[in-house]
Amino acid sequence: MDVNISISIIILAVIVLVVIGIIVKNVQIVPQSSCRIIERLGKYKATWQAGLHVKVPFIDNVVRYITLKEQVLDYPPQNVITKDNVTMQIDSVVYATIFDPKKFTYGAEDPSSGLRNLTATTLRNIVGDLDLEATLTSRDIINTRITAILDEATDRWGIKVQRVELKNIL
């Protein structure tokens, strides 16, 4: 009889430990300047901002961890041809933040790659309309135009382009 009671106590203790483990695993603290995208059974449920959150075990899933801090995206040099057929290499730096985590997650397959490609093509288009002298003397104008075009294009991805800087022109 004592053996049955001790086996029952061990089984009960194991069950209690498993339940406590599941509860602890599903309580999450989201740090400041970040958020989490939550899906319930594969469908968007919520965006958790900074603070303490509890998800439903086995039903809710954290699909993406997103930082809301400004990101510095340094792109390699791009070959660009000016209006007067001069080939130059220009490398750029984009400063951007994510303002809508849901759009960032579901708006495009790979928004970071999209921003990189969009930056390169926009840079080529703008410099392609300028001659060599205008390209070298009007960096601020080029930066402003690229920033405006990128910011408008990336709104549907949940990205706000703060500024673009041409780092080097060779």
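This is a predicted model: local features need pLDDT of at least 70, side-chain atom pairs count only at pLDDT 80 or more; totals for chains, interfaces and linings use all residues.
Visitor: What does Asp60 pair with?

Guide: Arg40; their side chains form a salt bridge at 2.6 Å, N to O. Asp60 belongs to strand β5 (residues 60–67) and Arg40 to strand β2 (residues 34–40), so the bridge ties together parts 20 residues apart in sequence. Helices (H or I, at least four residues) and strands (E, at least two) are DSSP runs, numbered from the N terminus.

Visitor: Is Asp60 buried or exposed?

Guide: Asp60 is buried, at 8% relative accessible area. Arg40 is partly exposed, at 31%. The cut-offs are under 20% relative accessible area for buried and over 50% for exposed, with partly exposed in between (1.4 Å probe, protein chains only).

Visitor: And Lys167, which residue does it bridge to?

Guide: Lys167 meets Asp91 in a salt bridge of 3.9 Å, N to O. That pair links distant parts of the chain, with Lys167 in strand β9 (residues 159–169) and Asp91 in strand β8 (residues 87–98), 76 residues apart. Asp91 is buried at 9%, whereas Lys167 is partly exposed at 43%.

Visitor: What about Lys160?

Guide: Lys160 bridges to Asp151, and the closest N and O atoms are 2.9 Å apart. Lys160 is partly exposed, with 32% relative accessibility. Asp151 counts as buried, at 15%.

Visitor: Back to Asp91. How far is Asn79 from it in space?

Guide: The C-alpha atoms of Asn79 and Asp91 are 8.9 Å apart, and the two residues are 12 apart in sequence. Asn79 is in strand β7 (residues 78–81) and is partly exposed, at 46% relative accessible area.

Visitor: What does Asn79 touch, leaving out residues up to four places away in sequence?

Guide: Met88, Gln89 and Arg124. Contact means heavy atoms within 4.5 Å. With Gln89, the Asn79 side chain also makes a side-chain polar contact of 3.1 Å. A polar contact is a pair of N or O atoms within 3.5 Å; within protein, one must be able to donate a hydrogen and the other to accept it, and residues adjacent in sequence count only if both atoms are side-chain atoms.

Visitor: Other Asn: where is Asn143?

Guide: Asn143 sits in helix α5 (residues 139–154). Asn143 is buried, at 8% relative accessible area. Leaving out residues up to four places away in sequence, Asn143 touches Val164, Glu165 and Leu166. The side chains of Asn143 and Glu165 are joined by a polar contact of 3.3 Å.

Visitor: New topic. How many aromatic pairs does a search of the whole structure find?

Guide: One aromatic pair. The rings of Tyr44 and Tyr106 have centres 5.9 Å apart and planes at 80°, so the pair is edge-to-face. Tyr44 lies in strand β3 (residues 43–48) and Tyr106 in helix α2 (residues 101–106), so the pair is one that links distant parts of the chain, 62 residues apart. Rings of Phe, Tyr and Trp (its six-membered ring) pair if their centres lie within 6.5 Å; planes under 30 degrees apart count as stacked, over 60 as edge-to-face and the rest as tilted.

Visitor: How accessible are Tyr44 and Tyr106?

Guide: Tyr44 is partly exposed, at 27%. Tyr106 is partly exposed too, at 38%.

Visitor: Last one. Which elements supply the nonpolar patch?

Guide: α1 (2–25), β1 (27–30) and β4 (51–54) each supply at least two residues. The largest share, six residues, comes from α1. Patch members, including Val3, Ile29 and Leu52, have about 950 Å² of accessible area for the patch together. Areas come from the Shrake-Rupley method with a 1.4 Å probe, and for residues only the protein chains shown count as cover. Patches are made of residues with over 30% relative accessible area and no salt bridge, joining like charges within 9 Å and nonpolar side chains (Val, Leu, Ile, Met, Phe, Trp, Tyr) within 5 Å.

How values were computed
Residues are numbered from 1 along each chain as its sequence is written. Side-chain values use heavy atoms; hydrogens and water are left out. A salt bridge is a side-chain nitrogen of Lys or Arg within 4 Å of a carboxyl oxygen of Asp or Glu.
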